[in-house]
Amino acid sequence: MPEPSPGAVQRDPRIKSLPAAQIRQRFLDFFAARGHTVVPSASLVPAGDQTLLFTNSGMVQFKDVLRGVETRSYQRAVDAQRCLRVAGKHNDFEEVGRKPGSHTFFEMLGNWSFGDYFKREAIHWAWELLTQDFGIPAERLGVTTYRDDEEARAVWRDEIGIAPERMARWGDVDAGDDSNFWRMAETGPCGPCSEIFFDRGVHLAEGPECIPDHADSCPRWLEIWNLVFMEFDQRSEGRVPLPFKSVDTGMGFERLTSVLQQVPTNYDTDLFTPIHDRLRALLGHDPDAFEQERFSYQVIADHSRAATFLIADGVLPANEGRGYVLRRIIRRAVRHGRLLGRREPFLAQTAEVVIESMREAHPIVEERRESILGTITREESQFARTLDAGTIHLEEALIPLTSAERQVGRRAEDLPADAPVLPGETGFRLHDTYGFPIDLTVELAAEYGVRVDRPGFDEALAEQRDRSRSGKKADLARQAGRTSLYDGIARRVGDSTFLGYQTSSSEARIVAILREATEYEELEAKPEIELRAGAAAEAELVLDATPFYAEGGGQVGDQGVIRDGADGQPLFTVTDTQRPVGGLVVHRGLLHGRVAVGQTVTAEVDPTRRASTMRNHTGTHVLHRALRNTVGEAARQAGSLVTPDYLRFDYPADRPLSDDEKRTIEGEVRRVIRDDKHVEPRYMTMAEAVAAGADAFFDEKYGEQVRVVFVDGYSRELCGGTHCRATGQIGGFFITGERSIGSGMRRIEAVTGEAAERLVQERFGILERATAAAGAREPEALPERVAELQARVKELERRIRAGAQAGGPVRPGELVSSALSVDGTRFVPYAAAFESLEQLKGYARDLRNALGNGVIALALEADEPQLFVTVSDDLVQRGVSAGLLVQSGAPVIEGRGGGRAEMAQARGRRRDRLPSALEAIRQALAAQLGEEPGTPAPDPVP
């Protein structure tokens, strides 16, 4: 149940109410006037940071700056950072809607000092902004400090004049109490902090112990600002001092707005009320109904904001990682819509409100409007089907437990003590396999008079989380240890100078040697130790300068060889090049001899591999622009892979490219290649790049100075990769594949250069063999010859069908021999005038014995036609569901149906549409298996 709100607010006439947008801007202006550079919000997807799933605080984009690994042109900054807390150390997902100040998505207002001012200035400016600019009375503020931070406490007490009863000490990080000691994650910059609280009124106090509290346990005190004094770097082996002291402050924008607008909760501010109003209009709720359903309203409002910004930052619904979090957020919002009685889609409408209210401060939501609304609509519609399918599975599980009639509205707490119990494992399976929320399982089971074993469900869920967490924690620990090692090297030796734009070979000096996360002054590979015929020890080398390109921007790392600078003998084979922190380039591969720190070497990139990679990278830029010119600007890059062999390009779309669109895109790319347009990289500020119309991408990390690759008069993109000097060097270009890789996401694969030439040769060879096999005289006659053969096959099928109708259903063995192939899976569709459904099911069993693995779709030709689908166990494990398949065919015959993953059936009214229903099932199967569902197929097997 949701926690009660803090109660009625006693309005203070000294506090002037301000719109949220004005509060945000006044914060930025205050610090800009004090020498802070206004920095745009970073993406919710942390660029180049493998330790975080999402940006969970304002300091994420400054993490390397605080560690001294990265430098900026400024030492003071201010921003309004969008954040998401749904995983890891900071996770508010389950508290949303229950606690008045908990959110998944929120904005963090922050001011920053990187080795400039420290505690005194940070405290004085915070006090000045709150009490003078925003007009909050001083006696309504309280503060906390870390237990031994006497410096900060003295400033508050002696200079600001905070009364002792409005100050508190908290925390002992070495004893496991992180209060007033802030760290972003298990590792990284950290330090003591001082928190500022707003006094909501003594009438909300719960006793004498109600003082400013880091845990927000007393409703009287509301934490609004945290001043973090970054002094340490938390590593896996312990804390060490940072190279310089910094300030990282974070003020909850939503909380500050609630204080200045003098409302009981964040959800009563103008950041949320427009969303509530839109939803109330959809539901027809008056203010009293809204208050009764406030919990669900608050969940929907919060999740509408989170989903909008996640999609704007390039995250799409998926079954793992960030996409799974987005899917979970949308599904929770949909479920609460159902609890409010809304069965029709509604989330796109609440997302529109978010876009309207946020587009000025965060223009990206307006730029991605079409993608945001389309993605939400698709996901909401798909989950509606999941809810329906889950209900069918739940009702089947309830049948053995009860024969009671369903009583809508009956609550679980009203059931008698001896009510039948649904096992927790069943509830967990519905949750885990079908995405069916446990709360809805409890609600529906109660309507049938059945209680759900919640402890059993919680135990099963905990076991799954423990299995997932154990491996993840070990991975994070290893990653953290390696990051700390690389950080130390980077601070000691500085950035690796990249020479690869000018040359593929250069002299360099070894500055670090690593093997198995251990650093060496010298290292030698010996055959008798390595147990190899030739010396080849896996190791990593860091050079002061290198022509090797480190993986980034979708481009794979270079390979090549590092030779002895004296005699030219190969010392090290480079199999991969990475940039783990800042500008540190690490060469990974096999050591063949002896190397030592300080040794002079010659670094040589594989020139053939580099040239092929460059062709594919420049080809990717041209493809991107040609794609957007053809299907619209919304087809922005959402991911790419550039290798020597091929290129891969991901973009948001809810439909496949047509053949005409593919040909148009290929034609435009080849025209640009023939025009031999000049390719020129230019360096400029980020603001200049945006003004020039350069494209940037959510998962890339950009500095203040950026590199923009211009294809003369055609395209411009932020990119650090290696490129051709002119488009003519790309050579040929062919799209080799275009397919779905998830909800609302497509992938194009293509080849250039020599790979394109090989493809043409292979395709001509296939054409010549097909011409010979079909008996055509020449390739030009092949289409006509294939048409003749197809007509002959159809005539034979007609005769078989006529014979089958005369003598009853075709024998299962004969039917199996003509099974279709759907992405390598055998599929048998068949319609016949079976005498009854029982005869059809018996026929299905015989057919299954003859077929083995595969999918069977049978249709009963009758005045009341029926569909029956079965799926073999191996395909069920791959995610194929008979219930979903039959639901794709049922509407075609104007019917309804459902069932289990293994077996399902449907009943309808349109006998004449049975062939179309079987084809719909085939297309649904293709979609589940990942094949393009629009691919034509032969007529259904008779």
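# Strand pairs and helix contacts

Visitor: Which residue of E11 stands opposite Phe 114?
Guide: This is a predicted model, in which local features need pLDDT of at least 70 and side-chain atom pairs count only at pLDDT 80 or more, while totals for chains, interfaces and linings use all residues. Residues are numbered from 1 along each chain as its sequence is written, and side-chain values use heavy atoms, without hydrogens and water. Strand E5 pairs in the antiparallel sense with strand E11 (residues 238-252) over five bridges, where strands (E, at least two residues) and helices (H or I, at least four) are DSSP runs numbered from the N terminus, and pairing needs at least two DSSP bridges. Within that pairing, the residue of E11 opposite Phe 114 is Ser 246.

Visitor: Which residue of E5 stands opposite Ala 77?
Guide: Strand E2 (residues 76-84) is another antiparallel partner of E5, and nine bridges join the two. Across from Ala 77, the residue that E5 presents is Trp 112.

Visitor: How many of the ten residues of strand E5 are buried?
Guide: On one side of E5 lie Phe 105, Glu 107, Leu 109, Asn 111 and Ser 113, and on the other Phe 106, Met 108, Gly 110, Trp 112 and Phe 114; both of these faces are covered. Buried stands for under 20% relative accessible area, against over 50% for exposed and partly exposed in between, with a 1.4 Å probe and protein chains only. E5 (residues 105-114) is therefore largely enclosed by the rest of the structure, since the buried residues number ten of the ten.

Visitor: What separates the C-alpha atoms of Glu 231 and Leu 242?
Guide: Glu 231 belongs to strand E10 (residues 221-235), and with a relative accessible area of 17% it is buried. Beyond its neighbours within four places in sequence, Glu 231 is in contact (heavy atoms within 4.5 Å) with several residues, among them Phe 118, Lys 119, Cys 190, Val 240, Leu 242 and Lys 245. Although Glu 231 and Leu 242 are eleven residues apart along the chain, the separation of their C-alpha atoms is 5.6 Å.

Visitor: Which strands stand at the edges of the open sheet of four strands?
Guide: The strands of this open sheet follow the order E25-E26-E31-E30, with antiparallel pairing. Two of them each have a single partner strand, so one side of each is left without a neighbour in the sheet, and these are E25 (639-642) and E30 (733-742).

Visitor: At roughly what angle do the axes of helices H12 and H14 cross?
Guide: Axes are lines fitted to C-alpha atoms, for helices over the stretch in contact, and angles between N-to-C directions run from 0 to 180 degrees. For H12 (residues 369-398) and H14 (residues 438-447), the axes come within 11 Å and cross at roughly 50 degrees.

Visitor: Within what distance do the axes of helices H17 and H18 come?
Guide: Residues of H17 including Val 622, Leu 623 and Ala 626 meet residues of H18 including Ile 665, Glu 668 and Val 669. The axes of H17 (residues 607-631) and H18 (residues 659-674) cross at roughly 135 degrees and come within 9 Å.
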